[in-house]
Amino acid sequence: MIQENIIDKSKDFTLLELLDRVLNKGVVISGDIVISIADVDLVYVGLKILLTSVETMQQRQLMMVKPNRNISN
Amino acid sequence: MEKLIYAIVQPLTDVYAINLLLSGIPGVSETNLYALFYNDIAVVVSDGVILNEFVKKEMAIDFARVIESLSQQLTLLPVRFDSLLPSDAEATRLLSQNYTAFRNNLDNVKNKFEFGLKVLWDYEKGIEKVKINMESANENTNNCITSSSIHANYLLKKIKENKLDNALRDYIEQLKKEFVHDIAIINPEYNFNKMITANLILDGVFLVDKSKKYEFIQAVGNFKKNHTELHFLLTGPWPPYSFVVCPMV
């Protein structure tokens, strides 16, 4: 008898596994991203890092300035 | 406009077929997906609208949904979510410059799923079990160091900790070997990380032939029955996220 029910389908865990894969695995293309505010380049990061920091900041209910993001040359 | 890169794919028989497929799948933030071709491979992209917004968890989920939908129809290599290129021309250049690596990886994952298996335990109970197994070794250690000075006690403590670490590593390695033996007939490609946290002792990913999906699930089920002290979290089938080895040019 096939035991497909042993696959964990809990929503939170599946979501965690999915985000881990989407953000940390797969083909890595180094699209360099520059975050700049008022035309001053501030940080050289990937979107993954920004995703984390935005969520963290939202959790802390901090006010933040919306940055412009550009692909660097 | 910048392009968000979703996946490297082995297209269907013709351009019309893949465009028809892509027209039915919304991209991140409802953008349109399209494919750019090079020889017999293609890259699926959309306009990179996320550049103008904060990146939200929902966008990553939308991105994953695209890859999941594509993987049901095509052999593909998922691309990490943060991958943006400045133009269609750059995306095509990516294909041409990495053609051989992409082709090799596509061949490797063709008709295969990924499964994830996490093995957890109650650290306190688990470590007690490991300690019992190494008790006799500790007796030998106690016999070797007879002095009760501070230095001797410190040394004894360190030796015991070291032995416990080794016993723990041996236990996890043995568990891994046992599982690998049980799935040998299915012959998946696999990778393990060990002792990620005190509770997560094994974190494995497996590339399983689609025709052997149920055999793999069955093997996990049987292994689980023999290790009731452990907790198993099996997820999948996933697109082959963890089995892409492409050094980019």
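Over which residues of chain A does pLDDT stay under 50, and how many contacts beyond four places in sequence does the model have for them? The points below begin with the answer.

1. The stretch is residues 60–73 of chain A, for which the model has 35 contacts beyond four places in sequence; contact means heavy atoms within 4.5 Å, and pLDDT is the predictor's confidence in each residue, from 0 to 100. Residues 40–58 of chain A also have a pLDDT below 50, with 39 contacts beyond near neighbours in sequence. Where pLDDT is low, the predicted coordinates should not be read in detail.

2. This is a predicted model, in which local features need pLDDT of at least 70 and side-chain atom pairs count only at pLDDT 80 or more, while totals for chains, interfaces and linings use all residues. Residues are numbered from 1 along each chain as its sequence is written, chains are lettered from A and ligands numbered from 1 in the order in which they are written, and side-chain values use heavy atoms, with hydrogens and water left out.

3. The mean pLDDT of chain A is 58, with 33% of its residues reaching 70 or more, whereas chain B averages 87, with 90% of the residues scoring at least 70. Among the elements of chain A, α1(A) has the highest mean (86) and strand β3 (residues 68–71) the lowest (40); in chain B, the highest belongs to β4(B) (96) and the lowest to helix α6 (residues 135–144) (60).

4. Chain A holds 2 helices and 3 strands, in the order α-β-β-α-β along the sequence; helices (H or I, at least four residues) and strands (E, at least two) are DSSP runs, numbered from the N terminus. Of its 73 residues, 37% are buried, where buried means under 20% relative accessible area, exposed over 50% and partly exposed in between (1.4 Å probe, protein chains only).

5. The largest nonpolar core has 33 residues, of which B:Phe179, B:Phe216 and B:Leu234 touch the most other members; such a core is a set of buried Ala, Val, Leu, Ile, Met, Phe, Trp, Tyr and Cys residues joined through side-chain atoms within 4.5 Å. Its largest share, 8 residues, comes from α7(B). Leaving aside neighbours within four places in sequence, B:Leu234 has contacts that include A:Ile6, A:Ile7 and A:Asp8 as well as B:Phe115 and B:Phe216. A second, separate core of 30 residues includes A:Val22, B:Val9, B:Val44 and B:Met59.

6. Helix α2 (residues 57–71) of chain B reaches 21 Å from its first C-alpha to its last, close to the 21 Å expected, a span defined as 1.5 Å times one less than its number of residues. Among its buried residues are B:Met59, B:Phe63, B:Ile67 and B:Leu70.
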